[in-house]
Amino acid sequence: MTDFCILVTGQSNFVDYVKKSFKAFSNNILFSCWEGDEQKYNNHDTVVFNSIPDDSGFGNINLQKIATLNGLYAAKDLGYDRVLKIRSDLVPTNDVLFMRLS
């Protein structure tokens, strides 16, 4: 196993786009999203499905906090030493160059 993962948080509407954008690192992607989005992922995806809180917070800060923290806990449990956290709607056009510069 590699020592880093790409933690993707946010809407599951962009799953296929994220996978295509990070194709060179497909085995390193960890999604942290919401219960009810299970149909947007396949058996090869590593996903944390979080419960949506009653209070999303100002600017959805509680959603961001929950998805990020639970994704970080999952990454640690999976044995990753480093995590690059990125939103699902902000992906690079050149994944190899992006990762080299990160």
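**Exercise 1. Describe the overall fold of the protein.**

The protein contains three helices and four strands, where helices (H or I, at least four residues) and strands (E, at least two) are DSSP runs numbered from the N terminus. The model is predicted: local features need pLDDT of at least 70, side-chain atom pairs count only at pLDDT 80 or more, and totals for chains, interfaces and linings use all residues. Residues are numbered from 1 along each chain as its sequence is written, and side-chain values use heavy atoms, without hydrogens and water.

Along the sequence, the elements follow the pattern β-α-β-β-α-β-α.

**Exercise 2. Determine which strands pair with β1, and in which sense.**

Step 1. Two strands count as paired if DSSP finds at least two bridges between them.

Step 2. Six bridges link β1 to β4 (residues 82–87) in the parallel sense; here I6 stands opposite L84.

Step 3. β2 (residues 29–34) also runs parallel to β1, joined by four bridges, and S32 is the bridge partner of T9.

Step 4. Between β1 and β2 the chain passes through helix α1 (residues 15–21) in a right-handed crossover: with the strands pointing away from the viewer, the path from the first strand over the helix to the second runs clockwise.
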